[in-house]
Amino acid sequence: MTAPTRYYAISDRATGETVRLVRSTTQDRALAHYVADTLAVRLATQDDIIAAVEAGVPRDNGTTNQLTDKETA
């Protein structure tokens, strides 16, 4: 038996603009599909870290599942 699917609107947190509609069985899977299609992740090298810090790239703590105030706004 196949799980029912729905369309989920993926939106930009900063603007609220819908950037993609994804048909999926769950909200989590819809977001994972969008992220996998648009972003990539790899282990940062020491050079990556130095360049990112120098460029002012924000650092996040992904060791908890708690959302920050910015993420819940």
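The second largest pocket has a lining of 14 residues, and Ile10, Ser11, Arg13, Leu31 and Tyr34 lie nearest its centre. Here a pocket is an open set of points on a 1 Å grid over the protein atoms alone, where a 1.4 Å probe fits and protein lies on both sides within 12 Å along at least five of seven lines; lining residues have an atom within 4 Å of a point. Strand 1 (6–11) and helix 1 (27–38) are the elements that give two or more residues to this lining. Helix 1 supplies the largest share, six residues. Helices (H or I, at least four residues) and strands (E, at least two) are DSSP runs, numbered from the N terminus.

This is a predicted model, in which local features need pLDDT of at least 70 and side-chain atom pairs count only at pLDDT 80 or more, while totals for chains, interfaces and linings use all residues. Residues are numbered from 1 along each chain as its sequence is written, and side-chain values use heavy atoms, leaving out hydrogens and water.

Now for the whole protein. Three helices and two strands make up its secondary structure, and from the N terminus on the elements run β-β-α-α-α. Of its 73 residues, 7% count as buried, meaning under 20% relative accessible area with a 1.4 Å probe, protein chains only. Among contacts (heavy atoms within 4.5 Å) between residues at least 6 apart in sequence, 5% join residues at least 24 apart.

Methods: Buried means under 20% relative accessible area, exposed over 50%, partly exposed in between (1.4 Å probe, protein chains only).
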